[in-house]
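Here is a friendly briefing to read alongside your viewer. Have a look at the model first, then come back for the notes.

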Amino acid sequence: MIAWLKEHFHASMTRAFIYKVFSRGILALFAAQLVHFFAPASWPLMRFNNLAAALGVLFALFAVLAWLRYDGLKIPHAKLPRMKRKDPPFLTNDIADHLDDDIILFDDLEKEEQDVCVLLADVLLALVCFALAAVLG
């Protein structure tokens, strides 16, 4: 596994990987809080460790789908319409303009690199959720 990771994960993918982990993790925590707030008290998933285990299973399923997509299976993505982001005038200059390294976003990566980032983010989040379920259980 370490050899596969060294072969397929490059330093330029770190930023996209961190953004994927952060955005998916925050959305999972938001979904957990919504369930915790709106679910009845007698529901088994009301306990956070059960909810964390369910999220871990969900992220594990997402990791399997990402692995299949990386392996060549064609799974259609839902392309949501995106509006172009316009920076406010005070953000026209960025410190990144003064660095030698270019910022590589997730959309700038190749399809295989995107699949690797999604796979690793889902595996990491599944492990975190399972660890939370074990610690809080």
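How many helices and how many strands does the secondary structure of the protein chain come to? This is a predicted model, and the protein chain has four helices and zero strands. From the N terminus on, the order of elements is α-α-α-α.

**Chain overview**
- Of the 137 residues in the protein chain, 27% are buried.
- Taking contacts between residues at least 6 apart in sequence, 77% join residues at least 24 apart.
- The protein chain has an accessible surface of about 10,400 Å², and carbon and sulfur atoms account for 67% of that area.

**Aromatic pairs**
- The structure holds four aromatic pairs.
- One of them is F59 with F62, which counts as edge-to-face because the planes meet at 75°, with the ring centres 6.3 Å apart.
- F59 and F62 are three residues apart in helix 3 (residues 48–71), so about one helical turn separates them.
- F59 is buried because its relative accessibility is 6%, under the 20% cut-off, whereas F62 is partly exposed at 36%.
- W67 and Y70 make a tilted aromatic pair, with 6.0 Å from centre to centre and 40° between the planes.
- Both W67 and Y70 belong to helix 3, where they are three residues apart, about one turn of the helix.
- W67 has a relative accessible area of 38%, so W67 counts as partly exposed.

**A charge over a ring**
- K20 has its charged end over the ring of F106, 4.3 Å from the ring centre.

Notes
Residues are numbered from 1 along each chain as its sequence is written. This is a predicted model: local features need pLDDT of at least 70, side-chain atom pairs count only at pLDDT 80 or more; totals for chains, interfaces and linings use all residues. Side-chain values use heavy atoms; hydrogens and water are left out. Helices (H or I, at least four residues) and strands (E, at least two) are DSSP runs, numbered from the N terminus. Buried means under 20% relative accessible area, exposed over 50%, partly exposed in between (1.4 Å probe, protein chains only). Contact means heavy atoms within 4.5 Å. Accessible areas come from the Shrake-Rupley method with a 1.4 Å probe; for residues, only the protein chains shown count as cover. Rings of Phe, Tyr and Trp (its six-membered ring) pair if their centres lie within 6.5 Å; planes under 30 degrees apart count as stacked, over 60 as edge-to-face and the rest as tilted. A charge sits over a ring if NZ of Lys or CZ of Arg is within 6 Å of the ring centre and within 35 degrees of the ring normal.
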